[in-house]
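Hi,

Here is the structure I said I would pass on.

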Amino acid sequence: MKIFLVSVCAVLALALTGFAANMPVEDKGSNVMKTSGVASSSAVSKDAPIPADAAMYRGTVAAITNKDGKTWMLLNQAKGTDFGKAALRVEFTKDTRTGFKLSDIEKGDYLVVYYGTMMGEKIPSDVTAIAANKLIDADRSIYNGVIDDIKINDDGTGMFMMRAINGKDQTLFRFNKETKIYLDFANLKKGDKLNIYYSGITTRSLPPQATAMEIRTYYSTSLKVMK
């Protein structure tokens, strides 16, 4: 019996450790999104390992430069998102772990990159990628909309009936305990704007339905897109 109890306790400890490692950490002082081992992904490539406590940036490839054996990519963050900078120049070295071949990346591809930064430090204009993955295109995996209706259950699950910004079409987004939330639900109300990251997959129902992987406040500041 003692051996059994010890085994159960060990399993529970490992499970709790894994749960804690999956929680995102947001650096409030610098808009730097930190990871602690795992981040939401709609990767279309085989995921490269995500470094712990690294800063994260998602952006669409606007330019690619190859020089002196190095590859540089200019990434523009998608409309409605806020990862600290409208654009970021990323260096890929031989030490960068990627879930894709650099030669396969084209303008318009949507990437997530992880890079090193100190807590509270402002994001520099140029960074060196520690790891990177290719994601589903931003226009398919990002939804910016207005809340028409909201339901939050006691168990932390619920749904948002969303209407596209500057549109009339509605989409119902469900969220569960796996959804990463980067805002205070207690203050949400109809008419608020949200930025939702999801797999890009919706049902064929009316309205379409999808499951949110991440929910944030819609970032309305106009972007200075670089080329």
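This is a predicted model: local features need pLDDT of at least 70, side-chain atom pairs count only at pLDDT 80 or more; totals for chains, interfaces and linings use all residues.

Let's start with β10, residues 158-164. Five of its seven residues are buried, so the strand is largely enclosed by the rest of the structure. It has a partner on either side in my notes. With β9 (residues 142-152), β10 pairs in the antiparallel sense over seven bridges. With β11 (residues 170-175), β10 again pairs in the antiparallel sense, over six bridges.

Now the two hairpins. The one formed by β9 and β10 has five residues between the strands, and G156 there takes a positive phi near 90°. The hairpin of β10 and β11 has five residues between the strands as well, and here N166 takes the positive phi, near 60°.

D68 is another residue to check. Its phi is near 55°, again a positive value in a residue other than glycine. You'll find D68 in the loop between β3 (52-67) and β4 (70-76). Its relative accessibility is 73%, so D68 counts as exposed too.

There is also a cis peptide bond to look at. It joins L206 and P207, with omega at about -5°. P207 sits in the loop between β13 (193-198) and β14 (209-217).

Last one: A132, in strand β8 (residues 126-135). Its relative accessible area is 0%, so A132 is buried. Which residues is A132 in contact with, once its neighbours within four places in sequence are left aside? They are A48, F92, R97, T98, G99, F100, V112 and V113. Take R97 from that list: A132 and R97 are 35 residues apart in sequence, but their C-alpha atoms are 6.4 Å apart in space.

That's everything from my side for now.

Cheers

How values were computed: Residues are numbered from 1 along each chain as its sequence is written. Side-chain values use heavy atoms; hydrogens and water are left out. Buried means under 20% relative accessible area, exposed over 50%, partly exposed in between (1.4 Å probe, protein chains only). Helices (H or I, at least four residues) and strands (E, at least two) are DSSP runs, numbered from the N terminus. Two strands pair if DSSP finds at least two bridges between them. Contact means heavy atoms within 4.5 Å.
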